[in-house]
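Let's walk through a protein model together, one piece at a time. Keep the structure in view as you read, and look for each residue as it comes up.

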Amino acid sequence: MKASMFFYVLTFVSFMTNGQVTNEFNAAIEKEVNQQLWQNFKTAFETRNATLFNSLHTDDVMRITPNGIRVGKQYKDRVSGNYARTDAPERKIDFWIEHRIYTGDNGYEVGYFRIISTIDGKSNEYFGRFSVTLRKVNGKWLIAQDWDTDQINGKKITATDFEKGTILNLK
């Protein structure tokens, strides 16, 4: 009886220790992803820096929208054209991440975003949910697949949905 109790306690402690290592490992990766990817994404998006924005995506990135799929150069050329527009409104973006999963040099994140677009002093908010697949290439986390939507189960995503989470603390 004592031997079986010892086995259960040892197994429980082993799982608990493994979970702590995993949480510490994930926290380190999350910090790295925030610094390498999301901070630069926010900067590139808000300043319309196409070179920086495109550098945050793999060469074979797959961008999925309701209008179709763009892959690699086709997507990056589209970004470059859109970011070069001189009549584009000022915009800000914020994120909160709902799920993060990593294994080796691959990751998957799901979260929400808020875009505040300002035209002639009038601001409009736009909310959405995103899903990205990440790949670490040459020591840098990049977006390999990107999908987003403004609806969940046919219901428009609103400020209420966005405010359920904690905004990533990005500069």
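Find Ile64 first: it stands opposite Trp147 in S6. Two strands count as paired here if DSSP finds at least two bridges between them. The names come from DSSP runs too: helices (H or I) have at least four residues, strands (E) at least two, and both are numbered from the N terminus.

Before going on, a word about what you are looking at. This is a predicted model, in which local features need pLDDT of at least 70 and side-chain atom pairs count only at pLDDT 80 or more, while totals for chains, interfaces and linings use all residues. Residues are numbered from 1 along each chain as its sequence is written, and side-chain values use heavy atoms, with hydrogens and water left out.

Now step back to the whole chain. Its secondary structure comes to four helices and eight strands. Starting at the N terminus, the elements follow the order α-α-β-β-α-β-β-β-β-β-β-α. Of the 171 residues, 37% count as buried. Buried means under 20% relative accessible area, exposed means over 50%, and partly exposed lies in between (1.4 Å probe, protein chains only).

How are the strands arranged? Strands of a sheet pair through backbone hydrogen bonds, either parallel or antiparallel. In this model, six strands make an open sheet in the order S2-S1-S6-S5-S4-S3, with mixed pairing. At its edges are S2 (68-71) and S3, each of which pairs on one side only. Neighbouring strands of this sheet are turned by 20° against each other on average, direction ignored; the axes behind this are lines fitted to C-alpha atoms (for helices, over the stretch in contact), and angles run from 0 to 180 degrees between N-to-C directions.

Let's cross the sheet from S6. Eight of the ten residues of S6 are buried, so this strand is mostly covered. S6 runs antiparallel to S5, and nine bridges join the two. Along this pair, Thr133 stands opposite Gln145 in S6, and Arg129 stands opposite Thr149 in S6. S5 and S6 form a hairpin with two residues between them, and Asn138 in the turn has a positive phi of about 50°.

On to S4, which runs antiparallel to S5 and is joined to it by 14 bridges. Here you meet Arg129 again, as the bridge partner of Tyr112. S4 and S5 also form a hairpin with two residues between them, where Asp120 in the turn has a positive phi of about 50°.

Thr103 stands opposite Asn106 in S4. Trp96 is found in S3. Is Trp96 buried or exposed? Its relative accessible area is 9%, so Trp96 is buried. Trp96 and Gly111 are 15 residues apart in sequence, yet 5.6 Å apart in space, C-alpha to C-alpha.

For a contrast, turn to Thr160 in helix H4 (residues 159-162). Thr160 counts as exposed, at 55% relative accessibility. The C-alpha atoms of Thr160 and Phe127 are separated by 9.8 Å, and the two residues are 33 apart along the chain.

Which of its residues are buried? They are Tyr75, Lys76, Val79 and Tyr83. These residues cover an arc of only 95° around the axis, so they are on the same side of H3. The arc is that of the directions from the helix axis to the C-beta atoms.

Rolling a probe the size of a water molecule over the atoms shows where empty space is left. The largest pocket has a volume of about 900 Å³. Of the 31 residues that line this pocket, the closest to its centre are Phe45, Arg63, Arg91, Ile115 and Asp148. A pocket is an open set of points on a 1 Å grid over the protein atoms alone, where a 1.4 Å probe fits, with protein on both sides within 12 Å along at least five of seven lines; lining residues have an atom within 4 Å of a point. Grid points are joined across faces, edges and corners, and the volume is the space filled by probe spheres set on the points. H3 gives the most to the lining, with five residues.
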